[in-house]
Amino acid sequence: ITSGDTVQIHYLKKTKKLTTTLSDAPDIPKQFHDGLVSRVLEKLYARKGMMNETAYWKNEWATMLKAAKQYEGRHRDGSEYSIKQHSY
């Protein structure tokens, strides 16, 4: 690396923690806020033992999560490539 080289660093920004203050919005794009609601409904229905409703909201959550990962990896870092998402 020489003094004329440019270095680009890619990183993931952590979102702020959600609190009980209802006026605070999460640090995620507005179109994905319903995904958080889906996850909460999935957990609530699971506690009640209502498995059909749990499965429905789990599917909604998974769909929204997939869309969010695609959105995050789609040319938003100023580069000419897309980042392929995968889970560990």
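Helices (H or I, at least four residues) and strands (E, at least two) are taken here as DSSP runs, numbered from the N terminus. The structure is a predicted model, in which local features need pLDDT of at least 70 and side-chain atom pairs count only at pLDDT 80 or more, while totals for chains, interfaces and linings use all residues. Residues are numbered from 1 along each chain as its sequence is written, and side-chain values use heavy atoms, with hydrogens and water left out.

The chain holds two helices and zero strands. Of its 88 residues, 9% count as buried, where buried means under 20% relative accessible area, exposed over 50% and partly exposed in between (1.4 Å probe, protein chains only). The accessible surface of the chain comes to about 8000 Å², and carbon and sulfur atoms account for 56% of that area. These areas come from the Shrake-Rupley method with a 1.4 Å probe, and for residues only the protein chains shown count as cover. Among contacts (heavy atoms within 4.5 Å) between residues at least 6 apart in sequence, 30% join residues at least 24 apart.

Helix H1 takes in residues 33–48. Its 16 residues reach 24 Å from the first C-alpha to the last, close to the 22 Å expected at 1.5 Å a residue; the expected span is 1.5 Å times one less than the number of residues. Which residues of H1 are buried? They are Gly35, Ser38 and Glu42. These residues lie on the same side of H1, because they cover an arc of only 50° around the axis, the arc being that of the directions from the helix axis to the C-beta atoms. On the other side of H1, Arg47 and Lys48 are exposed. The cover over the buried residues of H1 includes H2. After H1 comes Gly49, with a positive phi near 80°.

Is Thr54 buried or exposed? Thr54 counts as buried because its relative accessibility is 9%. Leaving aside residues up to four places away in sequence, Thr54 touches Glu42, Tyr45 and Ala46. Glu42 is also one of the buried residues of H1. A polar atom of the Thr54 side chain lies 2.8 Å from the backbone oxygen of Met50; a polar contact is a pair of N or O atoms within 3.5 Å, where within protein one must be able to donate a hydrogen and the other to accept it, and residues adjacent in sequence count only if both atoms are side-chain atoms.

Two further pairs can be followed by their C-alpha atoms. Lys43, found in helix H1, is 11 residues from Thr54 in sequence and 7.2 Å from Thr54 in space, C-alpha to C-alpha. Lys43 counts as partly exposed, at 42% relative accessibility. Glu60 lies in helix H2 and is partly exposed, with a relative accessible area of 31%. Between Glu60 and Glu42 there are 9.0 Å, C-alpha to C-alpha, at a separation of 18 residues in sequence.

Finally, the aromatic rings. A search of the whole structure finds two aromatic pairs. One of them joins Tyr56 and Trp57 edge-to-face, at 5.0 Å centre to centre and 85° between the planes. Rings of Phe, Tyr and Trp (its six-membered ring) pair if their centres lie within 6.5 Å, and planes under 30 degrees apart count as stacked, over 60 as edge-to-face and the rest as tilted. Tyr56 counts as partly exposed at 46% relative accessibility, and Trp57 counts as partly exposed at 22%.
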